[in-house]
Amino acid sequence: MPKHAPSQKSGLILIRARSSPITVVITVVALTMMMALTMGFAPRAQALEFSDIAQEGQLRFLAVHPDPSAYRYESRVRITRDSLESGVVSLTTCHYQLDPIRKIVIVYNPKRLQNLEIASATRIGGLEVQGHHVTMTDVQRGATICIDLESKALDRIDSTTYRLMAGPLMRRYFDGYLPMHARLMFEWPAHLLELKQTNPSPQPGVQLMQDSSSAELDITFAGRLVANIDLSLPQ
């Protein structure tokens, strides 16, 4: 059975299998609970150059993904007019191309989570939803899971500004981080909100697309990333 070792310093729950160096890092965040997979015995990790792996404390944005077929994360957040008062948004989070591991537990923030259900899953031997936990067992290489949920994730910063956060996003490998891709999508009724700023801002490895009813961040990176988007009421 895996050993659970909570880290009080970082607020992480680490699930480490005794038989391998694979670690699943699960962190409570405002928007959702994000997991990061290591690839302790995965051939893809061995094919990467050492320079592709970020060390502890590093965050590197990558203009070109050195391993585009590897694990990637995607989220789609839907904001309504009611969200501005309640803070509750609906979202779908998907994890693609998971690495093989015996057990993964995703834990959402119980103070924010309103509703949760599995939308789809492939190449996963067992699935269990219990409260704010999603447990996957016998995860095969290339597995996928998508989860629908409602969460009180929209924070009001001031009288006209709102913030959504995602992360920490990471893909651990021993004491470092493998490259990964995250696609973060945000939708709202046309002209209800305006994009104010994003963190990270557009740069090589970070692409921003936006219009009057949506914004999207495509981020390729290695390290530990916390992303956020600030939206404001139209002037």
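Gln97 lies in strand E8, which covers residues 88-98. Welcome to this predicted model, in which local features need pLDDT of at least 70, side-chain atom pairs count only at pLDDT 80 or more, and totals for chains, interfaces and linings use all residues. Residues are numbered from 1 along each chain as its sequence is written, and side-chain values use heavy atoms, with hydrogens and water left out. Strands (E, at least two residues) are DSSP runs, numbered from the N terminus.

**Positive phi angles**

- Gln97 is not a glycine, yet its phi is positive, at about 55°.
- With a relative accessible area of 26%, Gln97 counts as partly exposed; that term sits between buried (under 20% relative accessible area) and exposed (over 50%), using a 1.4 Å probe and protein chains only.
- Phe174, not a glycine either, has a positive phi of about 55°.
- You will find Phe174 in the loop between strand E14 (172-173) and strand E15 (176-177).
- Phe174 is partly exposed, and its relative accessible area is 46%.

**Cis peptide bonds**

- Between Gly167 and Pro168 the peptide bond is cis, with omega near 5°.
- Pro168 belongs to strand E13, residues 161-169.
- A cis bond also leads from Asn199 to Pro200, with omega near 5°.
- Pro200 is in the loop that runs between strand E17 (194-199) and strand E18 (206-211).

**A buried strand residue**

- Val105 is part of strand E9, residues 101-107.
- Its relative accessible area is 9%, so Val105 is buried.
- Val105 and His133 are 28 residues apart in sequence, and their C-alpha atoms are 6.7 Å apart in space.

Note on methods: Helix = DSSP H or I, 4+ residues; strand = E, 2+ residues; numbered from the N terminus.
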